[in-house]
Amino acid sequence: MRARDLVADFPTVGLDTPVADAARLLADHDLPGLIVVDERGLPAGILPGTQVLRLAVPGYCLDDPALARVVDEAHADVFMRSISGRTVREAMPPRPRELPVADPDATVLELAALMARTHSPLVAVVDAGGLRGAVTLQALVDRLVEQ
């Protein structure tokens with residue numbers, strides 16, 4: 001089993017896409033993350049849904065989860081609205097990491113190792129012709145369970 005056997009079309013966003021649009025795409029399609037592409041349409045990174053949440057959650061709640069408990073729902077909605085006007089570029093992890101990108105000939109084990117190593121819920125599949133789609137953690141697990 002190779003990446004080409006598991007690859008599926010997958011939505012992409014650009015670095016300057018409004019993060020609210022990215023969040024809507026994640027929610028509407030129940031996606032674990034999005035492929036962020038550069039101006040050439042090649043993967044620049046993977047944006048996990050958790051990174052979008054990180055923009056909306058106040059830093060003090062990240063540092064001390066007990067403080068999140070004291071914020072009522074009305075105020076929590078205000079924090080979620082704080083992502084408006086921000087871009088995907090701002091939601092990307094601050095340090096460049098290894099990109100979870102594989103070629104169509106990558107094996108299931110190579111894909112699993114790449115996902116584990118990069119903490120990514122998906123791997124972008126790229127060949128000389130460009131981005132072919134993605135293999136998700138769910139597709140990988142489903143395939144492993146079938147065998």
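Modeller: Gladly! Two strands pair if DSSP finds at least two bridges between them. Strands (E, at least two residues) and helices (H or I, at least four) are DSSP runs, numbered from the N terminus. This is a predicted model, where local features need pLDDT of at least 70, side-chain atom pairs count only at pLDDT 80 or more, and totals for chains, interfaces and linings use all residues. Residues are numbered from 1 along each chain as its sequence is written, and side-chain values use heavy atoms, with hydrogens and water left out.

Colleague: How many bridges join strand 4 to strand 5?

Modeller: In general, strands of a sheet pair through backbone hydrogen bonds, either parallel or antiparallel. Here strand 4 and strand 5 (residues 122–127) run parallel, joined by 2 bridges. Val101 stands opposite Ala124 in strand 5.

Colleague: What is the order of the strands in the open sheet?

Modeller: The order is 4-5-6, an open sheet of 3 strands with mixed pairing. Strand 4 (101–102) and strand 6 (130–136) are at the edges with a single partner strand each, so one side of each has no neighbour in the sheet.

Colleague: Which helix packs on the sheet?

Modeller: For this we need contact, meaning heavy atoms within 4.5 Å. Axes are lines fitted to C-alpha atoms, for helices over the stretch in contact, and angles run from 0 to 180 degrees between N-to-C directions. Helix 8 (residues 108–118) touches strand 4, strand 5 and strand 6, and its direction makes about 125° with that of strand 5.

Colleague: How many residues of strand 5 are buried?

Modeller: Buried means under 20% relative accessible area, exposed over 50%, and partly exposed in between (1.4 Å probe, protein chains only). In strand 5, 5 of the 6 residues are buried.

Colleague: Where is Pro121 placed, and is Pro121 buried or exposed?

Modeller: Pro121 lies in the loop between helix 8 and strand 5. With a relative accessible area of 15%, Pro121 is buried. Leaving aside residues up to four places away in sequence, Pro121 touches Pro32, Met115, Val135, Thr136 and Leu137. The C-alpha atoms of Pro121 and Leu137 are separated by 5.2 Å, although these residues are 16 residues apart along the chain.
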